Amino acid sequence: VHELPGLTAPDVTTRVVTVSLKPLVVEVENFLSTEEAEHIISRAEPHMAKSGVALKDADRGKAAKEFRTSSQYFLPTTRDAILERVDKRVMHLTKIPISHAEYIQVLKYHHMEHYSAHHDFFDPGDYSAGSRHAAKERGLARTRLATVFFYLHDVADGGETAFPRAGGGEQPHDFRNCHQP
């Protein structure tokens with residue numbers, strides 16, 4: 001457990017708890033204020049639409065709902081003082097320039113909606129877009145180096161993100177249930 005200055009307001013203690021070293025998974029307590037979370041929700045809500053899915057070549061012909069049933073919006077953070085402050089803290093936390101970040105991807109899950117097990121890093125060679133070589137070159141420039149999650153609501157039940165390989169766990173085979181190998 002580490003306390004990091006500069007991640008929140010001076011009167012708030014932010015703790016970084018290491019959940020797993022391989023893969024690296026950390027939990028940051030008190031990263032967003034209630035006001036910041038509400039601001040993100042209010043800015044994104046009018047724009048939410050069904051989430052898309054980029055299917056790997058191996059998954060062509062399958063329905064997108066087999067993988068993902070959420071709604072989403074990519075929320076621009078520029079020209080918004082509150083979101084620019086959040087961006088600064090993300091940059092401070094990850095040590096990755098915010099110029100390398102996507103907009104905030106706001107996701108909404110209704111009861112029984114899901115996003116099956118997946119990696120945020122991808123091999124562009126698994127997706128055809130013209131020649132495999134060109135797809136790989138274009139895709140590597142857009143793959144994620146790190147993912148920062150903000151949980152904007154507390155829920156009574158469900159609503160979780162599982163990291164089945166954290167702490168050396170086995171690769172899951174049931175991608176709808178990451179709690180079982």
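**Strands and their surroundings**

Mentor: Along the sequence, the pattern of the protein reads β-β-β-α-β-β-α-β-α. That comes to three helices and six strands. Both kinds of element are DSSP runs numbered from the N terminus: helices are H or I runs of at least four residues, and strands are E runs of at least two. The model is predicted, so local features need a pLDDT of at least 70 and side-chain atom pairs count only at pLDDT 80 or more, while totals for chains, interfaces and linings use all residues. Residues are numbered from 1 along each chain as its sequence is written, and side-chain values use heavy atoms, leaving out hydrogens and water.

Start with the open sheet. Three strands form it, in the order E4-E5-E6, and the pairing is antiparallel. Two strands count as paired if DSSP finds at least two bridges between them. Strands of a sheet pair through backbone hydrogen bonds, either parallel or antiparallel. E4 (49–50) and E6 are the edge strands, each pairing on one side only.

Now take the two pairings in turn. E4 and E5 share two bridges. E5 (residues 71–75) and E6 share five bridges, again in the antiparallel sense. Lys 50 stands opposite Ser 71 in E5, and Lys 108 in E6 is the bridge partner of Ser 71. Further along, Phe 74 stands opposite Gln 105 in E6.

Stay with Lys 50. It lies in strand E4. Its relative accessible area is 56%, so Lys 50 is exposed. The cut-offs are these: buried is under 20% relative accessible area, exposed is over 50%, and partly exposed is in between, with a 1.4 Å probe and protein chains only. Lys 50 also forms a salt bridge with Glu 113, their closest N and O atoms being 2.9 Å apart. This pair links distant parts of the chain: Glu 113 sits in the loop between E6 and H3, 63 residues from Lys 50. A salt bridge here means a side-chain nitrogen of Lys or Arg within 4 Å of a carboxyl oxygen of Asp or Glu. The structure holds seven of them.

Asp 126 has 30% relative accessibility, so it counts as partly exposed.

Next, the hairpin. E2 and E3 form it, with two residues between them. E2 (residues 15–21) and E3 pair in the antiparallel sense over six bridges. Within this pairing, Thr 18 stands opposite Val 26 in E3. Glu 29 and Arg 15 form it, with the closest N and O atoms 2.7 Å apart. Glu 29 is in E3 and Arg 15 in E2, 14 residues apart. Glu 29 is partly exposed, because its relative accessible area is 25%. Arg 15 is partly exposed too, at 31%.

Leu 21, Leu 24 and Val 26 make a nonpolar surface patch of about 340 Å². Patches are made of residues with over 30% relative accessible area and no salt bridge; like charges are joined within 9 Å, and nonpolar side chains (Val, Leu, Ile, Met, Phe, Trp, Tyr) within 5 Å. Accessible areas come from the Shrake-Rupley method with a 1.4 Å probe; for residues, only the protein chains shown count as cover. Leu 24 lies in E3 (residues 24–29). At 62% relative accessible area, Leu 24 is exposed.

The largest nonpolar core has 10 residues, including Phe 31, Leu 75, Val 90, Ile 104 and Val 106. Helix H1 (34–44), helix H2 (81–94) and strand E6 (104–108) each supply at least two residues of this core. H2 gives the most, with three. A nonpolar core is a set of buried Ala, Val, Leu, Ile, Met, Phe, Trp, Tyr and Cys residues joined through side-chain atoms within 4.5 Å. Val 90, one of the core residues, touches Phe 31, Lys 95, Ile 98, Val 148 and Phe 150, leaving aside residues up to four places away in sequence. Contact means heavy atoms within 4.5 Å. Across the protein, buried residues make up 23% of the 181 residues.
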